[in-house]
Structures are given as C-alpha cells and as structure tokens.
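I opened my notebook to record what I looked up, one topic at a time.

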Amino acid sequence: MRFSPAAIAMSLVFATVSSAGFGQTADVEIKARSVAYMAQGEAAQKKGNLDLATDLYETALAVDPRNGSAFIALAQIARAQKLPGKAIRFYREALILDPNNLDALAGQGEALVQRGAVEKAKINLSRIETLCRTRCPQTAQLSTVIDASEKSPILSAQAVTPKPKVKDEAVAPN
C-alpha cells in the first residue's frame with residue numbers, strides 16, 4: 001500500500017512519455033504544405049515565371065526549412081539569372097541538410113565554373129565520383145562543364161578592358 005501512489009505516478013509518467021513519441025513526425029519527412037508549394041514553384045518555373053517560382057520556393061522553405069529541394073530549385077533559378085554567387089550559397093544550404101546530395105554537388109560545381117573557380121569545381125567532381133561508384137549523370141554533367149570551361153577560359157575584367165591608345169590620351173598643358 002505504501003508504494004501504490006508512487007507506482008501510479010510512475011505509470012502515468014511512462015504512459016505520457018511513450019504517447020508523446022507517436023504524435024511527432026520523423027525528421028526526414030518534409031511537410032506536405034512545403035511539398036505543395038514546391039510543385040507550384042516547379043510549374044511556374046516551367047512556364048518561365050521565375051519571380052513567382054522564387055516566391056513559391058521561398059514559401060516552401062518558410063513552411064519547412066529542411067526542404068533541401070527548395071534550396072536546389074532556388075539555386076537553379078539563380079544560375080539561370082547569371083547569379084553564380086547566390087547559387088553557390090543556396091547549394092551550400094542544401095549540402096548542409098544533406099552533404100551527399102549529388103544534384104547539389106553537381107549544381108554547385110557548375111556555379112563554381114560559371115564564377116571561374118574551376119579547381120573548386122573539380123573537388124566537387126571528385127566527391128561525386130567517390131559517392132557514386134558507377135557512372136552517374138551528375139558526373140558526366142559536371143565533367144562536361146569543366147572540360148568546356150578549360151577550352152574557353154573565363155577572362156577577368158582586366159583582360160577584357162581595352163588599353164587606351166596614344167591618340168586617346170589627353171596632353172596636359174604646361
């Protein structure tokens with residue numbers, strides 16, 4: 001009799017703790033609303049409405065910040081808009097969520113090449129080859145981009161700035 005109040009209290013604690021685990025979702029599941037916004041964003045992106053697609057992908061991230069596909073989609077839009085630095089940042093966010101995401105590694109490598117960082121893109125290529133034992137489409141895609149960039153190197157602003165001609169220079173009066 002002396003232990004019955006303690007036993008009842010302990011059984012209530014165990015019942016509460018065990019039932020709390022059933023109501024939670026797994027960490028790998030992305031919320032359904034976030035997935036729905038992603039589908040709407042993909043439709044807008046296919047129609048060419050990149051601003052609406054960006055808004056929908058950002059909404060998908062607001063609903064569930066663990067949605068790595070939304071980061072990848074935002075990075076693809078940034079690359080299409082010739083914003084490789086922004087794309088690299090979005091790919092980095094996707095890789096924080098899943099360091100072995102082949103699409104994020106390949107996309108980041110392409111953005112790095114677009115930015116002129118071919119050596120860093122080669123590091124991504126070697127990571128993809130390590131992760132994917134067989135020939136993956138991401139490997140072929142990134143190696144093609146790297147090979148094309150080595151054939152036609154990206155020129156710096158200094159290299160493309162025209163040199164002033166002697167006639168163009170003004171002579172200062174004495």
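Predicted model: local features only at pLDDT ≥ 70, side-chain atom pairs only at ≥ 80, totals over all residues.

Residues are numbered from 1 along each chain as its sequence is written, and side-chain values use heavy atoms, with hydrogens and water left out.

**Entry: Ser-143**

I looked up Ser-143 and found it in helix α8, residues 137-151. Is Ser-143 buried or exposed? I wrote down my cut-offs: buried means under 20% relative accessible area, exposed over 50%, and partly exposed in between (1.4 Å probe, protein chains only). Ser-143 has a relative accessible area of 16%, so it is buried.

Next I checked its polar contacts. Such a contact is a pair of N or O atoms within 3.5 Å; within protein, one must be able to donate a hydrogen and the other to accept it, and residues adjacent in sequence count only if both atoms are side-chain atoms. The Ser-143 side chain reaches the backbone oxygen of Ala-140 at 3.1 Å.

I also listed its neighbours, where contact means heavy atoms within 4.5 Å. Leaving out residues up to four places away in sequence, Ser-143 touches Leu-125 and Arg-135.

**Entry: the whole chain**

I stepped back to the protein chain. How many helices and strands are there? I found 9 helices and 0 strands. Along the sequence the pattern reads α-α-α-α-α-α-α-α-α.

The chain has 174 residues, and buried residues make up 30% of them.

**Entry: the disulfide**

A disulfide is a covalent bond between the sulfur atoms of two cysteines. My search used a cut-off: a pair of cysteine sulfur atoms within 2.5 Å. Searching the whole structure gave 1 disulfide. Which residues does the disulfide join? It joins Cys-132 to Cys-136, with S to S at 1.3 Å. Both Cys-132 and Cys-136 are buried.

Now I turned to pairs of helices. Axes are lines fitted to C-alpha atoms, for helices over the stretch in contact, and angles run from 0 to 180 degrees between N-to-C directions. Angles under 35 degrees count as roughly parallel, over 145 as roughly antiparallel, 65 to 115 as roughly perpendicular and the rest as oblique.

The axes of α2 (residues 32-46) and α3 (residues 50-63) come within 8 Å and cross at roughly 170°. That makes the α2 helix roughly antiparallel to α3. Among the residues making this contact are Tyr-37, Met-38 and Gly-41 of α2 and Leu-56, Tyr-57 and Ala-60 of α3.

I looked at one more residue of α3, Thr-54. Thr-54 counts as buried, at 18% relative accessibility. Not counting residues up to four places away in sequence, Thr-54 touches Leu-74 and Ile-77.

**Entry: Lys-82**

Lys-82 sits in the loop between α4 (68-80) and α5. I noted its backbone: Lys-82 is not a glycine, although it has a positive phi of about 60°. With a relative accessible area of 63%, Lys-82 is exposed.

The axes of α5 (residues 84-97) and α6 (residues 102-115) come within 9 Å, crossing at roughly 160°. The two helices α5 and α6 are therefore roughly antiparallel. Their contact includes Ile-88, Tyr-91 and Leu-95 of α5 and Ala-104, Gln-108 and Ala-111 of α6.

For handedness I needed one more rule: a crossing is left-handed if the near helix is turned anticlockwise from the far one by less than a right angle, and right-handed if clockwise. The crossing of α5 and α6 is left-handed.

Gly-85 belongs to α5. It counts as partly exposed, at 27% relative accessibility. The C-alpha atoms of Gly-85 and Leu-112 are separated by 8.1 Å, and these residues lie 27 residues apart along the chain.

Last, I checked α6 against α7 (residues 118-131): their axes come within 8 Å and cross at roughly 160°. α6 and α7 are therefore roughly antiparallel to each other. This crossing of α6 and α7 is left-handed. Among the residues that meet are Leu-105, Gly-109 and Leu-112 in α6 and Ala-121, Asn-124 and Ile-128 in α7.

Key:
Helix = DSSP H or I, 4+ residues; strand = E, 2+ residues; numbered from the N terminus.
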